[in-house]
Amino acid sequence: MLETIKIDSLKLRIPRYKVEYVDSTFAQEYQKVFTKSGEIEDKINLDKHKVDVTNGITTRIAVFHSLQGGMAEEQIVIQCNAKQLKQSYFLGINKNTIHDLYNYINDLEIIRVSFDDFMDAYVSDIDFCYDVKVDPNTMIEANQEIYNKVKPNYYKYVGKPYRQKTNVGLQFNSRERATPSKPYVKIYHKTLELDYKSFEFSQEYLKEVDYSDIGRLEFTIKNTRHRKKLNLIYHNLRDLLRLNHAEIGIAMFSGVLNYVETSQIIREHKDLSPTDRLILHFIKRTIQKGDDKQCVFESLNIFEQPQERSRMKKKLKQLIYQVNEKEQLVANQKTMNFLRKLRLNL
């Protein structure tokens, strides 16, 4: 459940001729009737978009007209998400849970499609997620550290870290504006989201699941152009479920790195001795690798004599103050551990 790459949601497109309409009102024309006056509106509408909300699970099924190579094709679009797996929500959409997802869609009795055609459906707008153990306060600190590293010309794509009772998080770009070089990425507290925004769902299906203190990183692969940039090869749902998780991980954990600056070695301080400049250089190198203050001071264990250890500790404290403000070490070990789990060695 934790520290595993999972599919949280996706969009499927299936050619109309492969789909049977079960709901007699789906994709049918209708007119509004005003019950008080009995008047019938002249305008004729088309019911081409069905939304089902059951116990906090939202499912959207719609008619879509695709234009490819000058040829138009009517398709059915299905929005799938891990909540449709009910108690197996935290397992995500995978080859072991896909039958449950398929059955949920068919059981809504809006449309019916064969399992093979379901698996052969074109897939897009895929949300991958990665859950880790973290409390809200630690996430607040970590998100601020990430935000401090955002490239100056990218701030317009990154929202300020939010810290509310109902959730804490940090969002990069939006689903609508996302591009391959500026993807949609979101870091937020899944436990708070389930306890507030998705309370109905969690109360119905997750009473027997321990989901305390879970933080989530979400990364969206929007379309074919984005997929090609990431060198991921898949065309349909069947291909997607066969993807190697290591390949997905490389793409997923690169999302935030599109927006942040990597640590740079600042100019040497000429007023320091050659030895101190060398020590400072390696302090900065260890910062770049993701270490915190505790890790730096643990190096003092190489000194057996208390006097030597005390003298070098004093020197390290002095040198750490020479580090550029943007390269300050994170004092909170839990914060650094959370960043490491997200592959963010800031």
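The largest cavity has a volume of about 50 Å³, and the structure holds one cavity of 30 Å³ or more. Here a cavity is a set of points, on a 1 Å grid over the protein atoms alone, where a 1.4 Å probe fits but cannot get out, while a pocket is an open set with protein on both sides within 12 Å along at least five of seven lines. Lining residues have an atom within 4 Å of a point. Grid points are joined across faces, edges and corners, and a volume is the space filled by probe spheres set on the points.

A word on what you're looking at: this is a predicted model, where local features need pLDDT of at least 70 and side-chain atom pairs count only at pLDDT 80 or more, though totals for chains, interfaces and linings use all residues. Residues are numbered from 1 along each chain as its sequence is written, and side-chain values use heavy atoms, with hydrogens and water left out.

Back to that cavity: which residues line it? They are Y122, V123, S124, D125, I126, I221, K222, N223, T224, R227, Y234 and H235. Strand β9 gives the largest share, five residues, and β9 and α6 (224–229) each supply at least two. (Helices, H or I with at least four residues, and strands, E with at least two, are DSSP runs numbered from the N terminus.) By class, the lining has five nonpolar, four polar and three charged residues. For that sorting, Ala, Val, Leu, Ile, Met, Phe, Trp, Tyr, Cys and Pro count as nonpolar, Asp, Glu, Lys and Arg as charged, and the others, Gly among them, as polar.

Two of those lining residues, R227 and Y234, also pair up: the charged end of R227 sits over the ring of Y234, 5.3 Å from its centre. To count, NZ of Lys or CZ of Arg has to be within 6 Å of the ring centre and within 35 degrees of the ring normal. You'll find another such arrangement at R16, which lies over the face of Y21 at 3.8 Å from the ring centre.

Now for the open space. The largest pocket holds about 1000 Å³, and 34 residues line it, with D8, S9, D127, R175 and K197 nearest its centre. Elements giving two or more residues to this lining include β1 (5–15), β6 (57–68), β7 (71–81), β9 and β13 (214–221). The largest share, four residues, comes from β1. Sorted by class, the pocket lining has ten nonpolar, ten polar and 14 charged residues.

On to the aromatics. Rings of Phe, Tyr and Trp (its six-membered ring) pair if their centres lie within 6.5 Å; planes under 30 degrees apart count as stacked, over 60 as edge-to-face and the rest as tilted. That rule gives twelve aromatic pairs. Take Y130 and F253: their ring centres are 5.0 Å apart and their planes stand at 90°, so this pair is edge-to-face. Y130 lies in strand β9 (residues 122–133) and F253 in the loop between α8 (245–252) and α9 (274–288), so the pair ties together parts 123 residues apart in sequence. Both Y130 and F253 are buried, meaning under 20% relative accessible area, with exposed being over 50% and partly exposed in between (1.4 Å probe, protein chains only).

Y154 and Y259 are also edge-to-face, because their ring centres lie 5.7 Å apart and their planes are at 80°. Y154 is in the loop between α3 (136–148) and β10 (162–163) and Y259 in the loop between α8 and α9, so this pair ties together parts 105 residues apart in sequence. Y154 counts as buried at 15% relative accessibility, and so does Y259, at 0%. Elsewhere, ring pairs link Y89, F90, F201, Y205 and Y211 into a cluster.

Is L170 buried or exposed? With a relative accessible area of 0%, L170 is buried, and its place is in strand β11 (residues 168–172). Leaving aside neighbours within four places in sequence, L170 is in contact (heavy atoms within 4.5 Å) with residues including N143, I146, Y147, V158 and I187.

Finally, zoom out. The protein chain has twelve helices and 13 strands, and buried residues make up 45% of its 346 residues. Of the contacts in the chain with a separation of 6 or more, 68% come from residues 24 or more positions apart.
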